[in-house]
Amino acid sequence: MTTERTEDYLEALDIIIEEKGYAQVKDITKFLGVGPSSVTEMFQKLSKAGYINYEKYGGATLTAKGKTIAKKTRKKHNTLREFLLIIGVNEKIADADACRIEHVVNPETMARLTKFVEFVQRFEEGPRWLDHFKYFYETGEYVECTPKTASNCPVHGNK
Ligand code: MN
């Protein structure tokens, strides 16, 4: 089992490495907002546990083992973030919450959420009921969305 901190480091490392090929202590310092001495200490731990290759004055790269966890964590993060954006959470909160939920979410929940996000994104402009949900969130008013009511819909007008 990996810890939350390990997963966040591997996630950050993968994002940085994707851009510049390797990651230095200062990159992580900036990315995670933590002090350089904690980053150095964590680099040593991650290296010892076989998640990264790290040379003290060079950069860090991910091992296959580290990469697997990084990719899994990033995938969960992105799906959770998408889900939160779909229900109308703002980007800043969606990112922050995704980064915490990703460590504890049950695989069953994740599988459903992944399919849910995929399902919602099948519709080019989003499903109509989602507009109705947003209207419900804003106004507290529940408006049915059926072919019968569609012609007189306060959410969609006559569309
Ligand atoms: Mn996280």
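Predicted model: local features only at pLDDT ≥ 70, side-chain atom pairs only at ≥ 80, totals over all residues.
Is His-132 buried or exposed?

Residues are numbered from 1 along each chain as its sequence is written, and side-chain values use heavy atoms, with hydrogens and water left out. The predictor's confidence in each residue, pLDDT, runs from 0 to 100. Its mean for the protein is 93, and 97% of the residues reach 70 or more.

To return to the question: His-132 is buried, at a relative accessible area of 6%. Buried means under 20% relative accessible area, exposed over 50%, and partly exposed in between, with a 1.4 Å probe and protein chains only. His-132 lies in helix α7, residues 128–139; helices here are DSSP runs of H or I with at least four residues, numbered from the N terminus. Beyond its neighbours within four places in sequence, His-132 has contacts (heavy atoms within 4.5 Å) that include Val-143, Cys-145 and His-156.

Let us now turn to the metal site. The manganese ion is coordinated by Asp-8 (OD), Cys-99 (O), Cys-99 (SG), Glu-102 (OE) and His-103 (NE2), at 2.0 to 2.4 Å. Donors are N, O and S atoms within 2.8 Å of the metal, or 3.2 Å for Na, K and Ca; water is not among the atoms, so sites may look incomplete. In sequence, the donor residues follow the spacing D-x90-C-x2-E-H. Of these residues, His-103 is buried, at 14% relative accessible area, whereas Cys-99 is partly exposed, at 23%.

Technical notes:
Helix = DSSP H or I, 4+ residues; strand = E, 2+ residues; numbered from the N terminus.
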